[in-house]
Amino acid sequence: MLKKQKRVVAIHDISCVGKCSLTVALPILSAAGAETSIIPTAVLSTHTGGFTGYTYHDLTDEIIPITNHWKTLDLEVDAIYTGFLGSYEQIDIMKKVFDMFKTKDNLIYVDPVMGDNGSLYTIFDKEFAKGMASLCAKADMIIPNITEACFMLDEIYQEPPYEQSYVENLLKKLAELGPKKVVLTGVAFVEDELGTAVYDSETNTVDYVFAKRIDGYYHGTGDVFGSAMLAGLVNDCSLKRSAEIAVNYTVNSIQRTKDAGTDVKYGVDFERGIPAFIKDLGLS
């Protein structure tokens with residue numbers, strides 16, 4: 001007998017060209033067997049990294065009407081997954097959405113997308129980082145990179161490679177914000193490896209997953225990783241195993257993109273890795 005299908009709500013923007021956000025989360029989670037409902041926060045003609053002249057249509061005013069309708073359906077969700085949020089208002093709205101749908105059994109999963117390589121994206125400031133920290137306080141699990149962690153915690157950003165004590169200090173301070181589980185991306189202890197650190201505050205355990213570093217900057221890889229990580233969790237994989245699956249899938253997607261010589265602003269080739277990803281999840 002088949003298990004009941006899990007339902008994930010993915011709350012991200014839609015970039016019509018350039019694979020990221022919902023155009024990554026929806027196919028990856030659906031391929032992993034999760035019924036994936038969506039709330040688009042904005043619609044863009046392309047994503048904002050490497051493209052110019054893009055169109056942008058804000059959908060902030062649609063979010064609460066959508067969730068109000070869902071409440072009339074007695075909709076039950078197994079996970080809520082938020083990514084890029086474009087304003088303070090959207091942060092406050094996400095808090096309301098969490099309150100509307102949180103149960104003792106489901107997972108509030110936040111990717112606090114704000115910056116990378118030691119800097120916030122140009123549309124954000126330190127006050128926004130404080131707001132995102134307050135959203136992470138309401139989450140069960142968060143998946144920041146080291147830049148985002150430092151801005152939320154008001155810690156000094158260090159260039160890699162990192163000391164293990166520096167990484168584990170960030171993990172534990174992030175957990176003190178409220179989430180029981182923290183996955184920190186962009187972790188590197190040596191020059192030629194890159195990976196993630198996984199912290200479960202309930203067991204006080206830290207695990208690391210690394211892969212060979214591939215040179216270059218590839219758009220949308222955080223969304224590939226975050227979606228694949230959640231796919232593992234909703235398929236009852238352990239926290240560490242979910243991280244292993246997500247790192248493997250993301251690195252292989254980058255490698256295919258590099259080997260094909262694809263223009264990196266269009267995103268990585270995660271699509272042709274789906275069969276192997278499904279096998280890694282134990283679904284085939």
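Reader: Over the ring of which residue does the charged end of Lys 265 sit?

Author: A charge counts as sitting over a ring if NZ of Lys or CZ of Arg is within 6 Å of the ring centre and within 35 degrees of the ring normal. Here the charged end of Lys 265 sits over the ring of Phe 51, 5.6 Å from its centre, and Lys 71 lies over the face of Phe 101, at 5.2 Å from the ring centre. Please keep in mind that this is a predicted model, in which local features need pLDDT of at least 70 and side-chain atom pairs count only at pLDDT 80 or more, while totals for chains, interfaces and linings use all residues. Residues are numbered from 1 along each chain as its sequence is written, and side-chain values use heavy atoms, with hydrogens and water left out.

Reader: At what angle do helix α2 and helix α3 pack?

Author: Two packed helices are described by the angle between their axes and the distance between the axes. Axes are lines fitted to C-alpha atoms, for helices over the stretch in contact, and angles run from 0 to 180 degrees between N-to-C directions; helices themselves are DSSP runs (H or I, at least four residues), numbered from the N terminus. In this model α2 (residues 60-72) and α3 (residues 88-101) pack at about 5 degrees, with their axes 10 Å apart, which makes α2 roughly parallel to α3 (angles under 35 degrees count as such). Contact means heavy atoms within 4.5 Å, and the residues that make it include Ile 63, Ile 64 and Lys 71 of α2 and Ile 93, Val 97 and Phe 101 of α3.

Reader: How many aromatic pairs does the structure hold?

Author: A pair of aromatic rings is described by the distance of the centres and the angle of the planes. Rings of Phe, Tyr and Trp (its six-membered ring) pair if their centres lie within 6.5 Å, and planes under 30 degrees apart count as stacked, over 60 as edge-to-face and the rest as tilted. The structure holds 11 such pairs; one of them, Phe 189 with Tyr 208, is edge-to-face, at 5.2 Å centre to centre and 65 degrees between the planes. The rings of Tyr 249 and Phe 277 have their centres 4.4 Å apart and their planes at 10 degrees, so this pair is stacked, and it links helix α8 (residues 239-260) to helix α9 (residues 274-280).

Reader: Is Tyr 249 buried or exposed?

Author: Buried means under 20% relative accessible area, exposed over 50%, and partly exposed in between (1.4 Å probe, protein chains only). Tyr 249, at 3%, counts as buried, and Phe 277 is buried at 2%, whereas Phe 189 is partly exposed, at 25%.

Notes:
Helices (H or I, at least four residues) and strands (E, at least two) are DSSP runs, numbered from the N terminus. Angles under 35 degrees count as roughly parallel, over 145 as roughly antiparallel, 65 to 115 as roughly perpendicular and the rest as oblique.
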